[in-house]
Amino acid sequence: MGSWRRKLFVAALSIASVAAVRAQQPDPEIQSAFIEGAQRLEAGDFEAAARIFRELTLKTDSPRIKLELARALFYLGQYDESRRLFRAVALEPELPWRVRDNIEVFLRAIDDVDGAWQALRIEAW
């Protein structure tokens, strides 16, 4: 496994294991859907996970849900929206430093992909 892939894997595991970013009593329906989305994400069903997390963002402004949606979109190759969500979550004032560092790993990976595409476009000219 390449160095950046290993870092990305570790970051994903760290993000997945962090408790809710904001201390609040979760709505049981939202909690149940979140768990389902997380299970889909971990199983590699990124489309279903993204759909679940996107629906949840209509019900709550939870940074954790945005974070998991950003991860699902990243794995789907939807880098622009993924980047936007990661950046929005990174601005949360109560975000643990470890989560913020892991977000940076994903943002660097997105930048790497963008850089590779730019190089291919320039080369094609």
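Predicted model: local features only at pLDDT ≥ 70, side-chain atom pairs only at ≥ 80, totals over all residues.
Residues are numbered from 1 along each chain as its sequence is written. Local features need pLDDT of at least 70, side-chain atom pairs count only at pLDDT 80 or more, totals for chains, interfaces and linings use all residues, and side-chain values use heavy atoms, without hydrogens and water.

Me: How far apart are the end C-alpha atoms of helix 3?
Reply: Helices are DSSP runs (H or I, at least four residues) numbered from the N terminus. The expected span is 1.5 Å times one less than the number of residues. For the 12 residues of helix 3 (residues 46-57) this should be 16 Å, and the distance between the end C-alpha atoms agrees: 16 Å.

Me: Which residue forms a salt bridge with R54?
Reply: A salt bridge places a side-chain nitrogen of Lys or Arg within 4 Å of a carboxyl oxygen of Asp or Glu. R54 lies in helix 3 and its partner in helix 5 (residues 79-90), so the pair ties together parts that are 27 residues apart in sequence. The closest N and O atoms are 2.6 Å apart, and the partner is E81.

Me: Is R83 buried or exposed?
Reply: Buried means under 20% relative accessible area, exposed over 50%, and partly exposed in between (1.4 Å probe, protein chains only). D80, which meets R83 in a salt bridge, is exposed at 59%. R83 has a relative accessible area of 12% and is therefore buried.

Definitions and conventions. Helix = DSSP H or I, 4+ residues; strand = E, 2+ residues; numbered from the N terminus.
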